[in-house]
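Keep the structure open as you read.

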Amino acid sequence: MNEISQLNTMPFEGDDESDTVIFANAYLILPNRVERGRVTVERGLITEIAEGDAVPTAPGATVIDCAGDYLMPGMIELHTDNAEKHLMPRPGTAWPPLAAAIAHDMQIIAAGITTVYDSVAVGAFDEGDMRLKTLQAICDAVVEGAQNNLFKADHKIHLRCEIAFAGIENLLPPLVAGDLVGLLSVMDHTPGQRQFVDESKYRLYYQGKHGFTDAEMEAYIVERKKDQIRNSARNRAFVVDLAHQYGHALASHDDATEAHVDEAVRDRMTIAEFPTTVDAARASHEKGLAVLMGAPNLVRGGSHSGNVAAIELARLGLLDIVSSDYFPAAMIHSAFLLAEQAESMDLPAAVATVTRNPAKAVGLTDRGEIAVGMKGDLLRVHDARHHPLLRGVWRDGHRVS
């Protein structure tokens, strides 16, 4: 038996694989309240929710005394670059794709994320970008890992489409038809707009990344603006049409103005990823798009790009979904921070930003809350000095971390 097969068949220590698991003596984070009680999971689904702190005796079942810890749904991640980080652990260095995907999965599940949309970049500004060379390989690795039960989390694929990229019409079609694809986002990282309305931030980021001289940086910016004029409008229509053809959810990325939001509404998008201004977030929220912001923005107290702070949107009632973005452990931390810092959110509402709300935005109806009939994807969380500590992760009623 090879090492990967051993990984697949090796049970988690202490898990007897019982078909019935009872989580007792927990504070249950339910959709609209927190209640002391217990949850029963049978054959992967929640079958009973009961009040009280009693720890029952149940022959044939696995009974877990949560000792007053919180029990919440497994988290659902819609936008993380973490798989690409494992594929390219250093600039110019490619890791074997399946090994990278498995390492990514281990980090995701350890963070309490039980469903993850692995975000992969379709298109890049530089022809030599490693992401272009490894795009198909990482998608294939995610599918292989899922089909062979090598992952502990439930993996799906999010195609992040850079519409200023000239080759997207050739690159996207074989990907969008692939197994596990469930979400596409429309991105345009042209300097001077959306994420980089402040062009000086763009210069700082890319000059540091590439080591450009001032003259090289100026030429780079001029070329990127030409790319947008040549490609963006045509490619946006192409991406949107393909997404609707295959029935995938659509997200608009880095909207800065109400006009951007109107484009997203016209294109029947459901998610506004990382709006950069209050005006764009408010327009998105009012027009029915779920507003998604990054957990690192919340934990750090602001945007690294100088855009709107996520906590500001939360306090205005404009934040619907939180994504770990580039740091998986930030996701659960951000949910508990929201409950402390956003006056408009209690703990159930804050937890919904990482569970029920992302599930709803991409059409997942079988997970995201503790309710009878839902998947037994659950987290045991200890609140230690207002910092949540994961004490266990279960997927379909089986312990995976």
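Tyr27, Tyr70 and Phe336 are linked into a cluster by ring pairs. The model is predicted, and a search of the whole structure finds 3 aromatic pairs. A pair of aromatic rings is described by the distance of the centres and the angle of the planes.

Start with Phe23 and Trp394. Their rings sit 4.9 Å apart, centre to centre, with 85° between the planes. The pair is edge-to-face, because an angle over 60 degrees counts as such. Where in the chain do Phe23 and Trp394 lie? Phe23 belongs to strand S1, residues 20-29. Trp394 belongs to strand S15, residues 387-395. The pair therefore links distant parts of the chain, 371 residues apart. Are Phe23 and Trp394 buried or exposed? Phe23 has a relative accessible area of 0%, so it is buried. Trp394 is buried too, at 5%.

Now return to the cluster. Tyr70 and Phe336 also pair edge-to-face, with 5.8 Å between the centres and 65° between the planes. Tyr70 lies in strand S5, residues 70-73, and Phe336 in helix H13, residues 330-341. The pair therefore ties together a strand and a helix whose paired residues are 266 apart in sequence. Phe336 is buried, because its relative accessible area is 4%, and the cut-off for buried is under 20%.

Turn next to the charged side chains. How many salt bridges are there? The count comes to 15.

Asp19 and Arg43 form one of them, at 3.5 Å from N to O. Asp19 is in the loop between helix H1 (3-9) and S1. Arg43 is in the loop between strand S2 (34-42) and strand S3 (45-51). The two residues are 24 apart, and the pair links distant parts of the chain. Their accessibility sets them in separate classes. Asp19 has 42% relative accessibility, so it counts as partly exposed. Arg43 has 69%, so it counts as exposed.

A further salt bridge joins Glu258 to Lys287, with the closest N and O atoms 3.1 Å apart. Glu258 lies in helix H9, residues 258-266. Lys287 lies in the loop between helix H10 (278-286) and strand S12 (290-294). The bridge therefore ties together parts that are 29 residues apart in sequence. Glu258 is partly exposed at 46% relative accessibility, and Lys287 is partly exposed at 32%.

Asp396 and Lys375 form a salt bridge as well, and here the closest N and O atoms are 2.5 Å apart. Asp396 sits in the loop between S15 and strand S16 (398-399). Lys375 sits in the loop between helix H15 (356-361) and strand S14 (378-384). This bridge therefore ties together parts that are 21 residues apart in sequence. Asp396 is partly exposed, with a relative accessible area of 25%. Lys375 counts as buried, at 12% relative accessibility.

Which residues join into one network? Asp154, Lys156, Asp366 and Arg367 do, through salt bridges that share partners.

Finally, check the confidence. The chain averages a pLDDT of 90, and 90% of the residues score at least 70. Residues 1-14 stay under 50. For that stretch the model has 13 contacts beyond four places in sequence.

Terms used
Residues are numbered from 1 along each chain as its sequence is written. This is a predicted model: local features need pLDDT of at least 70, side-chain atom pairs count only at pLDDT 80 or more; totals for chains, interfaces and linings use all residues. Side-chain values use heavy atoms; hydrogens and water are left out. Rings of Phe, Tyr and Trp (its six-membered ring) pair if their centres lie within 6.5 Å; planes under 30 degrees apart count as stacked, over 60 as edge-to-face and the rest as tilted. Helices (H or I, at least four residues) and strands (E, at least two) are DSSP runs, numbered from the N terminus. Buried means under 20% relative accessible area, exposed over 50%, partly exposed in between (1.4 Å probe, protein chains only). A salt bridge is a side-chain nitrogen of Lys or Arg within 4 Å of a carboxyl oxygen of Asp or Glu. pLDDT is the predictor's confidence in each residue, from 0 to 100. Contact means heavy atoms within 4.5 Å.
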